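Open the model in your viewer and keep the sequence panel beside it. The stops below go from one selection to the next.

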Amino acid sequence: MSEPGVSARRTPDAVVIGASAGAIQALLHILPALPEDYALPVLIVVHVPPGRRSELTMLFAAKCRLPVGEGEDKEPILPGTVTFAPPDYHMLVEPGGTISLSRDEQVLFSRPSIDVLFESAADAYGPGLVGVVLTGANEDGAQGLAAVAQAGGMTLVQDPASAYARAMPEAALKACRAARRMSLDGIVAALLAAGTR
Amino acid sequence: MEDEKIEDIEIRLLLEALYRRYHYDFRNYAQASIKRRLRQARERQGVATYSALQDKLLHDPAAAARVLRFLTVQVSDFFRDPSYFKAIREKVVPHLKTYPSLKVWIAGCSAGEELHSLAILFREEGLEERTLFYATDINQDALEAASRGIYPLDRMKAFTENYRLSGGRASLSDYYSTGYGGAVFDKSLRERVLFSDHSLVTDAVFSEMQLISCRNVMIYFDRQLQDRAVGLFRDSLGRGGFLGLGSKETLRFSEHVDAFSEFVREEKIYQRRKA
């Protein structure tokens, strides 16, 4: 829903990232590049199969300078942390800046869903949000990215030509005309510019 | 400060209306997730705004009943998170065996998947005879489904695997027969169960429990309401009683954190402190 007075862009408060097929390679390009004094929280949905404890957290904790964790219910969202949605839960942002989880039905066959994270974060952060859609073989994230743009946030999409799977970034670009198409290096540069004080 | 969005004003008023008219209190639910559900409800009702939805629900009790059921429905699995049930079996049961009689509360039992899982586990561990189960939910459909104990056959494969991983001593199929288009669980599993309509939001404590299992229910509450619910659990548990939560829930942010100790940390099983 469009609201008056949200068009002026302000200093970002948070970053949300969505990725599916090919996610690990793309995220390995981005997350280790963030410095330890990075000023923004980074919330991430990667499609992972349910019923299995996520190994993403361990993998990225070993490679990143920022603390990496899996979201717990009602956890405060802190600057300079990386938080993955836990397998088989949707992860949402509450207006007060905490995480809430839900076991509501899958969205586009996914739980966690990128759309669910992005839409709730767009609601909570408005123009202070940076949304990033990376490689993937489905259309999750497209509606969510459009919601980020609608709320006045910054929207970045991995160039489909360089993505491992191009369907997801293509759908995001189609649903969100304002989004900028970028290489992974370009996304890193934009995230650094957004979150270095 | 930014003005409150029109949509958020409408949602607040709608939740107030549902509470005053139908005594369902979602006013302290986690905003982001109740908002998603309300949006789906609004789209299903075919109205453009939450104000219009409010109008409809205030004046059409049948539509309101359908929406309230939709807002409160949850689905679960048998032996969901098998490691949780394994920890109950291996670490909590030895303590429970020291009691001559037991009360177990499954708070927010939805369609009874977890109730049946615990009933099977208690039977296999020889505790069934001395146990009374309380299964509560605010959703009447869910309580009825739980008391029928019929589940889709196509889910039995996954449930059987969960049961095996949880340390099950028999075969899950020993506990059900096929009929009514589903897997019908043995009614003897429900002989020692009291089903009841109970709200963690508005209702009071239960009498002294030794185990309360409330998994992925409080994730839909805000912090304040979680504190209320955990306070209920604290007051409903006997000293040394156990509280099991969902795998991504924690008492870390609760005002009642000091009333509990971590009993099996990685499975979110807490114990009511003795002093």
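Start with the sheet of chain A: an open sheet of seven strands in the order β3-β4-β2-β1-β7-β8-β9, with parallel pairing. The model is predicted, so local features need pLDDT of at least 70 and side-chain atom pairs count only at pLDDT 80 or more, while totals for chains, interfaces and linings use all residues. Residues are numbered from 1 along each chain as its sequence is written, and chains are lettered from A and ligands numbered from 1 in the order in which they are written. Strands (E, at least two residues) and helices (H or I, at least four) are DSSP runs, numbered from the N terminus; two strands pair if DSSP finds at least two bridges between them.

Opposite Glu70(A) you will find Phe84(A), in β4(A).

Helix α3 (residues 114-125) of chain A lies across β1 (14-19), β2 (42-46) and β7 (129-133) of chain A, and runs at about 165° to β1(A). Helix α4 (residues 142-150) of chain A also packs on the sheet, where it touches β1, β7 and β8 (154-158) of chain A. The direction of α4(A) makes about 155° with that of β7(A). Contact here requires C-beta atoms, placed from the backbone, within 7 Å.

Where does Gln25(A) lie? Gln25(A) is in helix α1 (residues 23-30) of chain A. Gln25(A) counts as exposed because it has 12 C-beta neighbours inside 10 Å; the cut-off for exposed is 12 or fewer other C-beta atoms within 10 Å, for buried 20 or more, with partly exposed in between and C-beta atoms placed from the backbone. From Gln25(A) to Leu145(A) is 120 residues in sequence and 21 Å in space, C-alpha to C-alpha.

Zoom out to the whole of chain A, which has six helices and nine strands. Its C-alpha trace spans about 45 × 35 × 35 Å along its principal axes, and 56% of its 197 residues count as buried.

Move to chain B and select strands β9 (residues 260-264) and β10 (residues 269-272) of chain B, which run antiparallel and are joined by four bridges. Phe260(B) stands opposite Arg272(B) in β10(B). This hairpin has four residues between its strands, and Lys268(B) takes a positive phi near 60°.

Colour chain B by domain: domain 1 (6-72) and domain 2 (82-272), with bounds from an automatic or database domain assignment. Their centres, taken over C-alpha atoms, are 29 Å apart. Seven residues from domain 1 of chain B and ten residues from domain 2 of chain B make up the contact.

Finish where the chains meet. Here 18 residues of chain B are in contact with 19 residues of chain A. On chain B, α2 (31-45) and α9 (223-236) each supply at least two residues of the side that touches chain A, and the largest share, five residues, comes from α2(B).

Notes. Two residues are in contact if their C-beta atoms, placed from the backbone, lie within 7 Å. Axes are lines fitted to C-alpha atoms, for helices over the stretch in contact, and angles run from 0 to 180 degrees between N-to-C directions.
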